[in-house]
Amino acid sequence: MTDVPIEQGVIATLPTAEPSLHRVMGPWLLLLFIVGDILGTGIYALTGQVAKQVGGVVWLPFLVAFAVALVTAFSYLELVTKYPRAAGAALYTHRAFGIHFITFLVAFAVMCSGITSASTASRAFAANMVASFGLGDLGAAGVTAIALGFMALVAIVNFRGVGESVKANVVLTLVELTGLLIIIMIGLWAIGVGQGDVSRITQFQPVGDRGVFWSVIGATTLAFFAMVGFEDSVNMAEECKDPCRHFPKVLLAGLVITGVIYVLVSISAVTLVAPDQLGEGETPLLKVVQAGAPGFPLWIFGFITMFAVANSALINMLMASRLVYGMSRERVLPSALGKVHATRRSPYIAIGFTTLLAFALISFVGQVPALGGTTALLLLCVFTVVNVAVLVLRRDPVEHKHFRTPTFLPVIGALTCAFLAGPWTGRDPAQYRIAGILIGVGVLLWFVTVLVNRSGALRPEDPAEHAERHTGGVN
């Protein structure tokens, strides 16, 4: 134990024997983590919903979402190489503004985005399982029960530790890549033999009278869910072997790989299935396989889809629990959430907390578009703050070398992310309600945290103090 000065006349006794996280991720594991996190639920479950809003040019919103994500990724690269520790956006906000309430809200928003994303994946997993194996008689209650059971399994894998979780991610990433490559190959083969309708990829069908611009913007707000995931990787910084050297090349490579795959999958899908048919139901890519390769065993692709969305759930719950762990160590969340299991070396209390929130979302919200759209909304708000933070933190130099993004990119990133988060985009009002409820829970938890800190004569820790205490002063 050690005494740490907190305020004048107040001494707080803090534990120092808490085990640290394992540094197990090299560049290839990190690349698979990023690719596996970005790929998955968005493209597998929401392609049809995007097609509903723009018709045959379904690839365009994915391309716009990729551009917005890429600009923001440059801001994350500067910050994660400057401050290579867990907590991600919340840590950067804390460093930039030093207002603990804002830090807490950002942390809670990022955590909720991971949980809503994982809940979306769980729902998609259950829907594909029902569709692929003829379990339609189970009804809505059966789908919810399958999703809850799946989320419990994710929690068990997460508890086993980051080593096991990352190994599972490698397998699941390869599976989901295989599924998307199957869609691309089916599309290319169909085009080569004259099947399908390639002309659809240039046919725009706006929603109502919204016109081209606003229909694409509205579709982009949903397609953006398919591009999120790259920000999760910064929360794994303390478990990477050399984050300052590996992150820039690996993160940009992961984004480009996924962006190309998304465009090719979108073109293949709309070539083989009309946009209005693609937008029906929660399993759009299964329809593409049926149309382009009717002899292909549908249950096999359904199985691949289940594994793909399983990967999204695993990685997002991994991120959410590590974020809670990191912010607990910053004294912005109760200290109990920062406990690390002595044997498994995983943040087991944080895992339990985030899993319970996921159970609630699966039980009381459920719909894939609502959960996916809420994920995108929360992250667009967070990305706006991060793009501003990178400019503010230019006045906080560090001793080691780090990536530096051109100044105009964070400015563009902040403006575009704020624009896409607004109600003028045509976003479903239900997404604002869900996000509002989640943030309301966060505000309530913040007040509880303040009371707990005051009762123990503690205040939220300054990031510099955290670095000194946990890393010996080395960033």
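This short talk walks through the helices, the nonpolar core and a few individual residues of the chain shown above.

What we have is a predicted model, in which local features need pLDDT of at least 70 and side-chain atom pairs count only at pLDDT 80 or more, while totals for chains, interfaces and linings use all residues. Residues are numbered from 1 along each chain as its sequence is written, and side-chain values use heavy atoms, with hydrogens and water left out.

Let me start with the chain as a whole. It holds 17 helices and 2 strands, where helices (H or I, at least four residues) and strands (E, at least two) are DSSP runs numbered from the N terminus. Of the 475 residues, 57% are buried, and here buried means under 20% relative accessible area, exposed means over 50%, and partly exposed lies in between, with a 1.4 Å probe and protein chains only. If we take the contacts (heavy atoms within 4.5 Å) between residues at least 6 apart in sequence, 82% of them join residues at least 24 apart.

Next, the core. A nonpolar core is a set of buried Ala, Val, Leu, Ile, Met, Phe, Trp, Tyr and Cys residues joined through side-chain atoms within 4.5 Å, and the largest one here has 134 residues, among which Tyr 44, Tyr 76, Phe 224 and Phe 230 touch the most other members. The largest share of this core, 15 residues, is supplied by helix H5, residues 100-132. Tyr 76, once residues up to four places away in sequence are set aside, touches Ala 89, Tyr 92, Phe 230, Glu 231, Val 234, Val 382, Phe 383 and Val 386.

Now to helix H3, residues 59-82, whose 24 residues reach 35 Å from first C-alpha to last, close to the 34 Å expected at 1.5 Å a residue; that expected span is 1.5 Å times one less than the number of residues. H3 is mostly covered, with 18 of its 24 residues buried.

How do the axes of H3 and helix H8 cross? The axes of H3 and H8 (residues 211-227) come within 8 Å and cross at roughly 65°, with axes taken as lines fitted to C-alpha atoms, for helices over the stretch in contact, and angles running from 0 to 180 degrees between N-to-C directions. On the H3 side the contact includes Leu 60, Pro 61 and Phe 62, and on the H8 side it includes Val 216, Ala 219 and Phe 224. The residues of this contact divide into 14 nonpolar, 1 polar and no charged, where Ala, Val, Leu, Ile, Met, Phe, Trp, Tyr, Cys and Pro count as nonpolar, Asp, Glu, Lys and Arg as charged, and the others, Gly among them, as polar.

Just after H12, Arg 331 takes a positive phi of about 65°.

Finally, the loop between H7 and H8. Phe 204 is found in this loop and counts as partly exposed because its relative accessibility is 24%. Asp 197 lies in the loop as well, and at 28% relative accessibility it also counts as partly exposed. Asp 197 and Ser 268 are 71 residues apart in sequence, yet 9.8 Å apart in space, C-alpha to C-alpha. Is Ser 268, then, buried or exposed? Ser 268, which lies in helix H9 (residues 243-272), is buried, because its relative accessible area is 3%.
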